[in-house]
Amino acid sequence: MPRHRTLVDISHRIMKRFQQLDLQVAEEFVIFAVHLLARDQRRGLLKSDLNKPTACAIESFVNTIVDSYVNPMDCTMANMRMAWVMKKGVTIDLEYVKKQYEEKFQTELQVLIRDILQYPETCNKVQLDQLFAKMQVFVVACYNLGSPKNHVLLKLTAEALNSVIGRSDLQNYVLKKKYHRLEYLQRLAATVAGIVIYNNDGPDGDRENVRSVVDDLEMAQKNTEAAFSASMERAVKMRSICQAALDDLVKIDHKDETLTYRVPLEHLDRLNQLSLTYFMQHRCLTTLSEHYHSTVYLIEVEQKRYNCVVAKINDTLSMRTAIDSELVFPHFVYISQVWGNLNNFLNHIVELNKLREQVEALVVDDLMNLVKTTIAELQALHKRIKKPKVCTFEERMDAVKELQTDGNFCSLNKADIKEFCSLAMTVTNGLLTPAQITRKLCSNVDITFGFRDARYARFAELRFEPFIDAFRKVVFNSANLALLFKLDDVLIAQELQGLIVEPPKKKDFNSQTEMVVTNDLSPSNWINVTWNAWDYHRETIHLANIRKKQTSDMQTKISYGQRNAQNQTYNTRQHL
């Protein structure tokens, strides 16, 4: 498609520009930005024919994307990069984090495991001492008990290891097969680690040398909650300032169905973009916070298990002086498993904080000063313009009729648009105002709209078709709104929908022959097409004659089971 070739060429030009500026930008992100911004009504190429684009339009579009990426104050690019962080932030998933950390940890641990398993069956005393020391390091490293270089921790581990496996048992260990050694080593590490964890549990534990994942989690939760709270409060504060200023500059009268403003809406969009950026940041932080609180719930459950098994061990040890290992060792193994789960939860909190810091870094502190400056400029302009402009709702909806979009209305059911007044967004061409009520205007599509009050919703119900048409064009022709409502993937899918390649007639499979399409009128098959019915009759008779002349020898051999006669033997019948 010419349109797609144009966008691909633009992406290549932008990548070259980034390389000249020594900027490391993912090509996938550049393609995402080009396809999304191309349909933006303010920055995009909607006014250009992408099948036959002009060089000036393409150069201007390339410069816009490069300049906005370099400029940290650009709101649209900040929104796009925040959305990209959330798309590619696979570490938001707890199971993914557990899998990645486990694979990385096992890879690093394989060197130590091979070193332990290499000892021969005929080990002398020095080799057994080395093996015993390496087992201590393995236990400490396997369950993140602390630094393997800490001699105090290694001494505590050696005491626990001695209580489980003695010198004679160590000699028997090297006599096992290697796969039995590895299985025993893993069970041994879990038991010994559980003993070390249990011995240092509570206020009397050696916190200077033995790590306490419970204390680490408590501190991590405290710091994470404070960081999320501060960032989200700042976002709410800044977007509230923007919303209050927009409410003063634009008056919407639901009774007369009119929109009154002095400052042109194009100027008000500058402040609206800043407001939208803080809304976008707040939504990203909210998503991360929800995953964080899910992990916190799992931490609480796991800590209850930890306290339960510690109490169980205390009860077991308090009632007996000599205890069978089979009675208490499983509890130590279980406490090691709980310890490992708590470590995974701590790793997930660390990854969530990394994503939070990336999102926060994209909304620079200078934007707060820009908000104040922009509000002051718009208020001064509002005072200078004496005569306000009054437009009806119908006129404002007619103003966006010229916009073209292939965005599907039904895809709005995936968007969270109920937080904002849809009617105000439509008549102001994208200005965000908070909604107070929600309505489902369409019975056959599950889309929940937000409105400032019931009278706004009533207007949308009475003029449903023009309202929906205008609302759809406003949302799908704004890159910022598409990003905020998570409709960017839908738009890009619509953009790439025409690039589906038809499957070939010949499939890449050994037993698949080429399919012959009857009466295929493509230029390559015109030679086999005729419009004379008698030609078909003659061709049929010709094929029938050829079929009659074919030998039936192969069919006969198959029927009588003689196909491989030279390889077959027959037992003679024995006559008594």
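Reader: What does T91 touch, not counting residues up to four places away in sequence?

Author: T91 touches Y96, V97, H348, E351 and L355.

Reader: Nice. Another loop residue, then: where is the place of L145?

Author: L145 lies in the loop between α6 (125-142) and α7 (151-164).

Reader: Buried or exposed, that L145?

Author: L145 counts as buried, because its relative accessibility is 0%.

Reader: Which residues does L145 touch?

Author: Leaving out residues up to four places away in sequence, L145 touches V139, V140, L153, A193, V196, I197, N209, V210, R211 and W339. Take W339 from that list: L145 and W339 are 194 residues apart along the chain, and 9.5 Å separates their C-alpha atoms.

Reader: Let's zoom out. How many helices and strands are there in the protein?

Author: The protein has 21 helices and five strands. It is 576 residues in total, and 42% of them count as buried. Among contacts with a separation of 6 or more, 76% are between residues 24 or more positions apart.

Reader: Okay, at what angle do α2 and α4 pack?

Author: Helix α2 (residues 27-37) and α4 pack at about 130 degrees, and their axes are 11 Å apart. That angle makes α2 oblique to α4. The crossing of the two, α2 and α4, is right-handed.

Reader: Which residues of α2 and α4 meet there?

Author: From α2 there are E28, F29, F32, A33, L36 and L37, and they meet T76, M77, M80, R81, W84, K87 and K88 of α4. By type, the residues in this contact of α2 with α4 are eight nonpolar, one polar and four charged.

Reader: And how do the axes of α2 and α3 cross?

Author: The axes of α2 and helix α3 (residues 55-70) cross at roughly 125 degrees and come within 11 Å. So α2 is oblique to α3, and the crossing of α2 and α3 is right-handed. F29, V34 and L37 of α2 make the contact with F61, I65 and Y69 of α3. The residues in the contact of α2 with α3 are six nonpolar, no polar and no charged.

Reader: One more pair: are α10 and α13 parallel or antiparallel?

Author: The axes of helix α10 (residues 213-249) and helix α13 (residues 366-384) cross at roughly 5 degrees and come within 11 Å. α10 and α13 are therefore roughly parallel. In this contact R234, M238, I241, C242, A245 and L249 of α10 meet M368, V371, I375, L378 and H382 of α13. Those residues divide into nine nonpolar, one polar and one charged.

Reader: Last topic: what pLDDT does the protein average?

Author: The average is 82, and 84% of the residues score at least 70.

Reader: And where is pLDDT under 50?

Author: One stretch is residues 498-509, where pLDDT stays under 50 and the model has eight contacts beyond four places in sequence. Residues 511-527 are also below 50, with 10 contacts beyond near neighbours in sequence. Where pLDDT is low, predicted coordinates should not be read in detail.

Notes. Residues numbered from 1 in each chain as written. Predicted model: local features only at pLDDT ≥ 70, side-chain atom pairs only at ≥ 80, totals over all residues. Heavy atoms only, no water. Contact = heavy atoms within 4.5 Å. Axes fitted to C-alpha atoms, helices over the stretch in contact; angles between N-to-C directions. Helix = DSSP H or I, 4+ residues; strand = E, 2+ residues; numbered from the N terminus. Parallel < 35°, antiparallel > 145°, perpendicular 65-115°, else oblique. Left-handed = near helix turned anticlockwise from the far one by under 90°. Nonpolar A, V, L, I, M, F, W, Y, C, P; charged D, E, K, R; others polar. pLDDT = per-residue confidence, 0-100. Buried < 20%, exposed > 50% of the residue type's maximum accessible area, 1.4 Å probe, protein only.
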